[in-house]
Amino acid sequence: MKIANEYSSTYNIQENTDFSVKEITDLCNNIGPRRPGSPEELKAQQHMEKVLGTFCDETKIESFTLHRQGFMGFIPFTVCCGVISVFVNWFKSPLAAFILCVLAFVPLVFEFLMYKQFDDFLFPKQTSHNVVAVKKPKGEVKKRILMVGHSDSQFEWKLNYLLGGLQAKLFVEIPAVVGLVIQTIYALVCLIVAKGGAANTIQNARWFFVLFFIVSIVFIPFEISFIFFQSWHDSVPGASDNLSGCYTAISALKTLTEAGVEFENTEVVVVCSGSEEAGLRGTKAFAKAHEAELKEIPTAVIALDTFRDLEDMAIYDRDLSGTVQHDWGVKYLLKNAALNCGRDLKFESVYIGGSDAASFTQRKIPASCLAAMNPDPPRYYHTRLDTPENMRPEAITAGIEIMVEAICMYDKEGCPVKE
């Protein structure tokens, strides 16, 4: 039985799904793509703040600085280092080749896999924003639940559009990384065994180094194609990723308000973050600025991202390329809320990349993520196909229903406790 039914029997979830779809369609048509730190991102956020202001007690827009191209801007450098290392190695400089390979991996690991702001200082600075809306309880605030969705949209991933997300991963992304790994091993083996370069190694082993060289050459076209993986100018509509997440949060709180639900001691917060697609920069700035406040009382953070592929809806308990594990209590709050709504959701991991929940987990603020996206990924992911026409409203409906239940469960019982 739904806990939410104990609070009200007049939830208009379908009505608010229709509201969400209309809002997302209007934002995509009237404002358009919203690259991180752009005027369009801010315009969309100002509209969201206005909507939230009709049923929240407080709203504000907070600014922060970022370097949006730092997140993916390392790609040409990494590719060049990997390609050049092959020829440097062949011409008797394995130490230099190995150093080039290490330099190629450093920004790839720190920026793209771990979301560190490693090379940001090398790129131009922009200003981005977070929208923060608060629905206060009737009495003293004793606990808080925070929903966050990102309002920006990604620069288009050209190869995803041309090949499809799974095909781009299998035929470009993975081979490019494998090629760099092979080139690194090639340089390291030459450095250790050849002692001065493949060309001078003992005659019996020469075939081995020739083979390594040929294999390294084979992977170079995949690496070079990776330079064209992302557009540096054109961003995408971002209807599902992630206006759907923003409006799942907005509509969940709107649904509760319209049903007359008022909590005694639970504060509900909605954050529409900026610049998630530039490496979670918005939630990183928000979590840093509000860390003390978020730790003063029990707080549960739920990131909401891409409500489109209902059959793939899941709760994410590992994040940031699998390097962080989300809070047990928050993920089981979502698990139990989904079960009460008739959905037995599985736990998943973000194997490559990250969600906004990771920014909070890294600062030891309890968090998890709820999303409904095919992890292959699908062809619409980060491409011009992520349009309002390509949305699936039933996924947004499921997201709103689960979040209404999760908020009511949190008010009544808090997060589950691991025995």
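The model is a predicted one, in which local features need pLDDT of at least 70, side-chain atom pairs count only at pLDDT 80 or more, and totals for chains, interfaces and linings use all residues. Residue numbers start from 1 along each chain as its sequence is written, and side-chain values use heavy atoms, without hydrogens or water.

The largest pocket holds about 1200 Å³ of space. Its lining is made of 45 residues, and those closest to the centre are Phe112, Trp157, Tyr351, Ile352 and Gly353. Several helices and strands take part: α3 (75-90), α4 (94-113), α6 (165-194), β7 (299-307), β10 (346-349) and β11 (367-372) each give two or more residues to this lining. Helices (H or I, at least four residues) and strands (E, at least two) are DSSP runs, numbered from the N terminus. Which element gives the largest share of the lining of the largest pocket? That is α6, with 6 residues.

What counts as a pocket or a cavity? On a 1 Å grid over the protein atoms alone, a cavity is a set of points where a 1.4 Å probe fits but cannot get out, a pocket is an open set with protein on both sides within 12 Å along at least five of seven lines, and lining residues have an atom within 4 Å of a point. Points are joined across faces, edges and corners, and the volume is the space filled by probe spheres set on them.

Now turn to the second largest pocket, which has about 260 Å³ of space. It is lined by 13 residues, of which Gln117, Arg281, Lys284, Ala285 and Lys288 are the closest to its centre. Two elements, β1 (58-66) and α9 (281-289), each supply at least two residues of this lining. The most comes from α9, which gives 4 residues. Sorted by class, the lining of the second largest pocket has 3 nonpolar, 5 polar and 5 charged residues.

The largest cavity has a volume of about 50 Å³. Around it you will find Pro36, Arg68, Gln69, Phe71, Met72, Gly73, Gln154, Phe155, Gln230, Glu277 and Ala278.

The structure has 0 disulfides, a disulfide being a pair of cysteine sulfur atoms within 2.5 Å. For Cys28, which is in no disulfide, the nearest cysteine sulfur is that of Cys246, 11 Å away. Cys28 is buried, with a relative accessible area of 11%. Buried means under 20% relative accessible area, exposed over 50%, and partly exposed in between (1.4 Å probe, protein chains only).

Finally, have a look at the backbone. Most residues other than glycine have a negative phi, and most peptide bonds are trans. A cis peptide bond joins Asp241 and Asn242, with an omega of about 10°. Asn242 sits in helix α8 (residues 239-258). Another cis peptide bond, with omega about 0°, links Asp376 to Pro377. Pro377 is found in the loop between β11 and α13 (393-413).

Where does Leu320 lie? Look in the loop between β8 (313-319) and β9 (324-325). Leu320 is not a glycine, yet it has a positive phi of about 55°, and at 1% relative accessibility it is buried. Ser321 lies in the loop between β8 and β9. Also not a glycine, Ser321 has a positive phi of about 55°, and it is buried, with a relative accessible area of 18%.

Methods:
Ala, Val, Leu, Ile, Met, Phe, Trp, Tyr, Cys and Pro count as nonpolar, Asp, Glu, Lys and Arg as charged, and the others, Gly among them, as polar.
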